[in-house]
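Hello,

I am passing on a structure that you have not worked with before.

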Amino acid sequence: MTDRKYLLEQVDDAAVVQLYADGFSALSLNDKTLIWHLYQAALSGRDIYYDQRYRHALVMRQLLEQILTHAANVPPATLSEIRRYTKLFWINSGPYHNLTARKFVLKCTFEEFRAAAHAAANAGARFPMFGIETVDQLLERLKPALFDATSEPMVTCKTPGPGRDILATSANNLYSGVTSADLEGFTEKFGLNSRLVKTGDTLVEEVYCIGGRYDTEISDIVMHLTNALPYAPATMRTALEALIRWYTTGEDADRAAYDIAWLADKDSVVDTINGFIEVYLDARGIKGAWEALVYYVNIEKTKGIKKLAESAAWFEERMPWDPQWRRPDVTGVTARAIDVVVEAGDSGPVTPIGINLPNDQSIREGHGSKSVSLANINEAYDKSLPTSYRREFAWSEDEVTRAETWGAIAGEVTTAIHEVLGHGSGRVADHLNGQPQLVLKEQYSALEESRADLVALYFAGEPKVAECGLLPAEHQAEIVQTEYEAYARNALVQLRRIREGSQIEEDHMRNRQAIVHWLMAHTKAIDVRKRDGKTYYVMVDAKAFHDGVGRMLAEVQRIKSEGDYAAAAKLFDTYGIHFDPALRDEVVARVDTLNLPSYTGFVQPKLLPVVDKDGNITDVEISYPQDLETQMLEYSRNY
Ligand SMILES: [Zn+2]
């Protein structure tokens, strides 16, 4: 199946990629039917997220889609610009870029757009007019949203500059007329699931629940969840019932009960996440963006992860750090590899590759968390990566071939070790009371991510990992080499993301930069080479790489265990934070010449039930539309 299509098209800096769920067809009819109902529940909430991101987003979407579907008399140049803009709009669920949070706009003139809208109206398009509004009045009303990048420029603005307010400068629809000052002395009852509106001098919480805000969408979601109940195993049924209760009342106590019930469901083959969950859209970090995922366990890939978790104590005894920092009571984190069938809202078309929930810290401490890695998403990312991307930064043809052959599995194995053994390993000095982050402060996350990455790099070549079934033993050495090469390369390639300044802020990026530069300073594992004015980070000695990783890991663990803030700060200041802006400019120029995408929107699998003459579902068929526009128009028609 290597010849099937993953990368469908590129729109500006967004790749559009088809997602495949190969295991679906082999599921039981019961599980397929369960997924079919959960799939509809997921898509039924799609409009909630559009509306949360921007108050005009749904009206804009209908306007754009109506023009695209009544376009016979629209001039081709105008039409192709409207199509480009609309595709970006779909990928980002509104007019704001997913990575930069900045608004993107139409590049044709307003007059051209107006002519296109009238041509569509004459061909039967139906626009979302407000009362007695004319087409021209509607367009005038939406003009700043569609054409002016300086009007409401950011969807979420966490650092607006001195004297400016984070809520007033954020264009999202989680608040209306509210500034941070209004919130002083105000206690929210529905922090996660309400829109906060200021009318006159009063603040009102518009609760997201049945009978409240988004009543239509939530009622549909609840109907489909209810239809799913008869097909759900007992623990999952309990979780779905708790979710229905939360959607019905909106009460936070019911949200907590749902979190706990969802956690208790550890063994079902099928699972779903559906609700107001992540808080990144809110500059305050309080309000939840709506999202849904439906997925089933990838049994093959989960087997290895489970075995790894069961062997956690074996690995702990072999950690290359001072034995006093080994955990006596080690248990691996329970993690599963899953295949996604559908994602909507905050998790689709742009998706994470791993999820660890719930976010409620008190529930995590009392009940644990579920961690999933999205196996088919990872695979699709890997398969859709343009060849030019690897070729540009790899030193030799051999390195390119290795990356293409083993890159995906190498990435999976290190991610699994990172999550299952990395974060859970090691102990800290008693005087830190289990909370090293309090003394390591802003250095903590980067240090902890380094530690987990180093554990993964250290053990990737360990025969026990092959015994667990995570990779074929006969190719292990080559897979490890591939991972080390990719890791070294990445320190160079990741600079493309920081187009301004000469400092790295993001913790995962700091960690990766720090490891590679520490290895360069302390080992002979990585060569910096030049060819035709281009820089390459070339991994030349896997044994030196591995030994260096072991030494650095011992030191990183010591810093964490002793809470040595000064050493952590020095480590990242020396190796992780600063980079040469000239080198970054070189990397950016190379990436831009190749027109490489910076993020991905996925086209989801499509489900269709097969129904007999009595209305019973006898099968659920899965297909792959391979076209963003077809899928988005279909979603808008049906959900
Ligand atoms: Zn991590």
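Predicted model: local features only at pLDDT ≥ 70, side-chain atom pairs only at ≥ 80, totals over all residues.

Let me begin with the helix pair. Helix α17 (residues 444–459) packs with helix α21 (residues 542–562) at an angle of about 145 degrees, and their axes are 9 Å apart. The crossing of α17 and α21 is left-handed. On the α17 side, the contact is made by L447, S450, R451, L454, V455, L457 and Y458. Their partners in α21 are H546, V549, G550, M552, L553, V556, Q557, I559 and K560. Sorted by type, the residues of this contact are 10 nonpolar, four polar and two charged.

Is Y50 buried or exposed? Y50 counts as buried because 22 other C-beta atoms lie within 10 Å, and the cut-off for buried is 20 or more. Leaving aside residues up to four places away in sequence, Y50 touches A57, L58, R61, S93 and G94. Y50 and N173 are 123 residues apart along the chain, and 9.4 Å separates their C-alpha atoms.

Last comes helix α9 (residues 252–264). With 13 residues at 1.5 Å a residue, α9 should span 18 Å, and its end C-alpha atoms are 19 Å apart, so the two values agree. The buried residues in α9 are R255, Y258, D259, A261 and W262. Among the elements that cover them are α8 (234–249) and α12 (361–367).

Enjoy exploring it!

Best wishes

Key:
Residues numbered from 1 in each chain as written. Axes fitted to C-alpha atoms, helices over the stretch in contact; angles between N-to-C directions. Helix = DSSP H or I, 4+ residues; strand = E, 2+ residues; numbered from the N terminus. Left-handed = near helix turned anticlockwise from the far one by under 90°. Contact = placed C-beta atoms within 7 Å. Nonpolar A, V, L, I, M, F, W, Y, C, P; charged D, E, K, R; others polar. Buried ≥ 20, exposed ≤ 12 C-beta atoms within 10 Å, placed from the backbone. Expected span 1.5 Å × (residues − 1).
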